[in-house]
Amino acid sequence: MRDCWITGGATFDLAPTAWKTIAGGASPDEQERRLLAIAAQALDVALRPAAPKTLRRRPPLPRLALPMLPERLRPLLRAALKHAADARRKTRVVTLVASRGFVLHPMDWMPIASDQNSPDVYAPWIDWQASVDGERHAPQEKLTAENWDEFYPAARRIALADMRRSEPASARMLVEAKASGEPAEVRLALVELMRFGLNPEDAPFLKSLSADRSGKVRELAGRLLARLGEHGRSNDGGPGDPAAELAAFISEGKSGFIRRRSIYTPAKLKSPAQEKRRAELFETCNLVDLAARFSATEPEFIGAWQFGADNNADILIARMVAASGSDVAVTHMADALVADGGKPALFVLLTPRLDSRRKRALVRLILKEANYLNAINLAEGIDAGWLEWDDLSNGSALAALRSAVAGNDDAMRRGADDILETIGFLATATTAAKLIDEVVAAGMPPAAPSLGVLRLNAALAEYQSRTDT
Amino acid sequence: MEFDLKTIEALAPDQASLSAASKLTKRSNWPRLERNEQQALIWGECQGSGSNPYRVVVDTGDHGYKCTCPSRKFPCKHTLALMWIAATAPASFAAAESSPEWVNDWLGRRRKTTPPPAQPIAGAAAKSIDDAARTDESAAVEDVAAVERREAAQRKRAEDTRQAVSAALDELDQWIADQLRLGLSGFVDGSSDRCRRIAARLVDMKATALAGRIDEIPSRLMALRSEERPDAAIRELGKLVLLAKAWRAAPDDPELKRLVSTSETREQVLASPDARQVESFWEVLGEKIESRRDGLVSHSTWLLDLKSTTPQFAVLLDYFPASAGRRSNAFAPGDRFDARLVFYPARKPLRALVAERMGDVMSGAWPDFSLGATKDPLAGHASYQDAAPWITDCPLLLPPGAILVDDRGTGWWQAAGDPQGIALPIAGAVNQTLLGLDLAATAALWDGARLDLLAAQSGFGRLDLS
């Protein structure tokens with residue numbers, strides 16, 4: 001009957017007897033309509049959809065070690081997540097919640113399989129996601145040279161990064177054995193993982209990469225070696241040596257009356273072409289090689305650098321230190337900048353390599369100065385929920401925020417929105433609550449979306465104290 | 001409160017708005033009236049002509065306002081009425097410590113401007129708040145003859161409509177027979193044009209509701225895979241035949257009249273002795289907002305009765321013109337409230353109105369409806385179909401189960417511990433996270449081919465799926 005209706009035509013003769021009894025005794029059109037009505041009802045009530053045999057179930061989503069964010073706070077959380085413009089800011093909200101002892105509802109937020117920045121408590125969910133994306137990955141299985149090909153690249157990267165943190169040598173040996181067989185892009189990503197738990201034992205492998213087919217891999221290996229204090233290039237001083245060329249852009253002088261010491265000042269540039277070349281050289285050279293040109297150690301070189309003589313050169317050298325400086329050089333530069341009491345813009349460039357104490361010092365510095373308040377948004381990997389009200393009120397940050405909120409300049413207001421969002425992540429609950437009051441008093445609508453993270457922060461503390469009592 | 005009647009008079013777009021607002025100033029129209037002096041805000045919920053209450057918020061500082069009604073007058077009568085109450089009976093507003101989420105949403109979106117001039121604008125001189133207040137009292141007393149004339153005219157109009165609808169159904173019958181003769185394969189391919197033509201004829205012949213339903217058939221067919229469409233066409237057309245037959249048998253039946261020609265007004269439903277009234281705790285399961293081909297947007301809010309021992313549902317259904325723009329939702333999924341609902345009379349009453357709202361209720365898990373004992377998850381659907389076979393979407397509460405995927409990535413709901421049992425295909429894309437959750441109970445709409453998920457209960461609490 002169905003086929004007959006599809007192609008067109010009368011189906012009465014094909015109908016079951018019972019149906020004919022009901023539908024019969026009418027005009028041919030009416031008979032067809034009656035049969036159609038019966039068929040419709042039969043399809044709806046008597047027939048059930050046939051399930052395909054290949055239905056697959058995903059493993060159950062694991063429970064996490066922390067309790068779920070209370071239902072009452074979920075609207076605040078969703079508002080904060082909605083306002084967070086990108087994955088980095090969303091991760092900050094997640095980190096803030098985790099720092100107060102809660103995890104998010106999986107329907108509100110889920111880490112992606114390649115996530116490396118969310119709090120450790122989410123590791124079971126990242127594994128679960130990886131098992132969803134790459135069916136070949138068995139979550140409990142350890143990555144070895146034998147099962148290397150059974151992992152998808154993302155799952156493999158996660159496994160390797162974990163291994164670098166716990167057993168750096170085994171991870172290095174795996175990369176050593178397998179990287180050469182991978183295409184350049186994958187090879188680059190694998191070598192990049194060496195930055196986790198980088199130690200002098202990695203040097204021979206990194207040196208061996210100087211013969212790699214890919215220029216990007218060679219460069220990365222050179223930088224990692226430089227962080228270990230190893231010279232990436234031979235110091236022949238010839239015309240082809242970029243460190244020598246860069247050194248020519250820097251003039252060495254002496255200062256001090258009693259104890260003469262070296263100082264390094266960027267040379268005056270004559271043309272934009274020179275400026276461009278100098279920037280390129282700072283990008284490609286390693287700090288250790290440059291310092292060696294002046295027969296200085298990395299900390300000596302940084303200590304003698306004349307910050308403030310040329311802002312562009314300062315930024316370039318800060319980037320160079322962040323990319324290729326040894327850990328000692330990075331902390332030395334950070335401490336020198338704090339001691340000078342300024343230059344948060346340069347400090348920010350170092351943040352990915354700083355420890356948490358120095359990162360906090362940086363944030364306090366930025367807030368105190370308030371000239372580069374926006375720099376606070378660039379600072380990465382800082383702890384959540386520690387900023388006290390004094391840190392905020394001692395400097396000029398609060399006044400700057402208040403005037404931006406009260407003013408009519410849209411760009412300033414947008415800037416203030418971003419800063420409030422970041423402070424929402426850094427602040428203690430008390431600071432968050434006080435700051436909301438301050439900016440609302442300055443004229444910000446109490447329900448402004450940019451206060452979302454601050455409100456969540458303050459509410460999390462309220463909840464905690466309520467459950468404590 | 002910074003309102004006086006002069007300000008309201010100046011803000012009102014015309015005299016008609018003021019008059020309409022004056023009728024809404026009765027406290028009974030406003031189940032909720034609240035204020036937050038710190039934020040300089042007043043807000044309330046006004047039971048308008050729709051099923052959902054309208055939500056109105058006014059900034060008493062700069063006289064900014066927002067109402068969820070579809071009116072094109074700014075400010076609308078609800079906003080004016082809220083201001084009016086604030087001016088004349090400020091004690092009606094309960095003090096609230098914090099503002100609800102919908103008020104915060106509006107505050108977050110709006111751009112604060114300098115206070116607009118509350119001076120009289122052009123034409124304002126023609127408006128008078130005293131006149132508006134008087135309109136109510138000066139309702140004309142009709143004489144008996146006039147009432148009789150009016151009723152006779154009404155009866156005549158009803159008879160004319162009935163005849164027109166009867167002729168429309170004859171035409172529909174012929175059209176269905178034509179589609180069968182020409183073949184459903186051609187119907188599926190050309191459903192858009194064919195349905196549009198017959199729908200236009202039905203509108204002319206006063207079968208407006210039926211026309212709207214037929215206009216939606218093409219999009220319902222296209223949502224399915226091509227091999228499923230002929231069966232779906234049989235179901236859709238067969239249900240039309242049944243509906244036409246039922247109407248002919250009982251043209252005055254309110255349910256059938258509503259499905260074929262026009263719906264009753266809110267007042268008629270509230271006054272109807274056949275309308276079932278249920279006072280209970282209700283949870284908003286979810287909302288479905290669909291743009292229809294006739295230029296209307298249908299907004300349905302599905303509710304679950306939390307006091308009933310078996311799963312009982314209600315739907316608040318409103319239509320508004322798509323040109324009115326996106327409307328804020330009256331309820332958020334997961335909201336719970338204590339209310340008296342009045343159901344539109346029907347064999348299986350689903351569509352309802354909120355007659356009285358008593359307050360909000362704490363959230364929690366759904367009651368145990370002993371769903372685990374249910375053998376057939378579609379039993380609820382079958383019972384709806386037995387009583388009213390013309391219904392297309394039936395609400396269901398499914399027993400414990402999980403979401404699975406097939407090779408094409410389509411999601412299927414399947415009962416727990418019954419891998420060989422029936423599975424129901426899910427409409428639209430499925431959130432990947434859902435695939436790892438065990439669902440203790442799932443509320444969904446079943447249209448005979450696809451499951452449209454509304455909400456679920458799981459080990460991770462309530463899941464909003466609409």
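A salt bridge here is a side-chain nitrogen of Lys or Arg within 4 Å of a carboxyl oxygen of Asp or Glu. I applied that rule to a predicted model.

**Entry: salt bridges.** I looked across the interface of chain A and chain B and the rule gave six salt bridges. One I looked up joins the side chains of A:R2 and B:D231, at 2.5 Å from N to O. I then asked which elements of chain A give two or more residues to the side that touches chain B. They are α1 (2-7), α3 (28-46), α4 (74-83) and α6 (123-133). I noted that α3(A) brings the largest share, 13 residues.

**Entry: the interface as a whole.** I found about 4700 Å² buried between chain A and chain B, with 62% of it on carbon and sulfur atoms. A:R33, A:D44 and A:M107 supply 14% of the area that chain A buries against chain B, more than any other three residues. The contact takes 49 residues from chain A and 61 residues from chain B. I also looked up polar contacts between the two chains and got 19 residue pairs.

**Entry: helix α19 of chain A.** I checked its length. At 1.5 Å a residue, the 14 residues (356-369) should span 20 Å; the end C-alpha atoms are 20 Å apart, which agrees. I listed A:R358, A:K359, A:L362, A:V363, A:L365, A:I366 and A:L367 as buried in this helix. A:A370 follows α19(A), and its phi is positive, near 65°.

**Entry: confidence.** Chain A averages a pLDDT of 84, and 93% of the residues score at least 70. I marked residues 134-139 of chain A, where pLDDT stays under 50. For that stretch the model has eleven contacts beyond four places in sequence.

Definitions and conventions:
Residues are numbered from 1 along each chain as its sequence is written. Chains are lettered from A and ligands numbered from 1 in the order in which they are written. This is a predicted model: local features need pLDDT of at least 70, side-chain atom pairs count only at pLDDT 80 or more; totals for chains, interfaces and linings use all residues. Side-chain values use heavy atoms; hydrogens and water are left out. Helices (H or I, at least four residues) and strands (E, at least two) are DSSP runs, numbered from the N terminus. The expected span of a helix is 1.5 Å times one less than its number of residues. Buried means under 20% relative accessible area, exposed over 50%, partly exposed in between (1.4 Å probe, protein chains only). pLDDT is the predictor's confidence in each residue, from 0 to 100. Contact means heavy atoms within 4.5 Å. Buried area is the accessible area (1.4 Å probe) that two parts lose on being put together, summed over both. A polar contact is a pair of N or O atoms within 3.5 Å; within protein, one must be able to donate a hydrogen and the other to accept it, and residues adjacent in sequence count only if both atoms are side-chain atoms.
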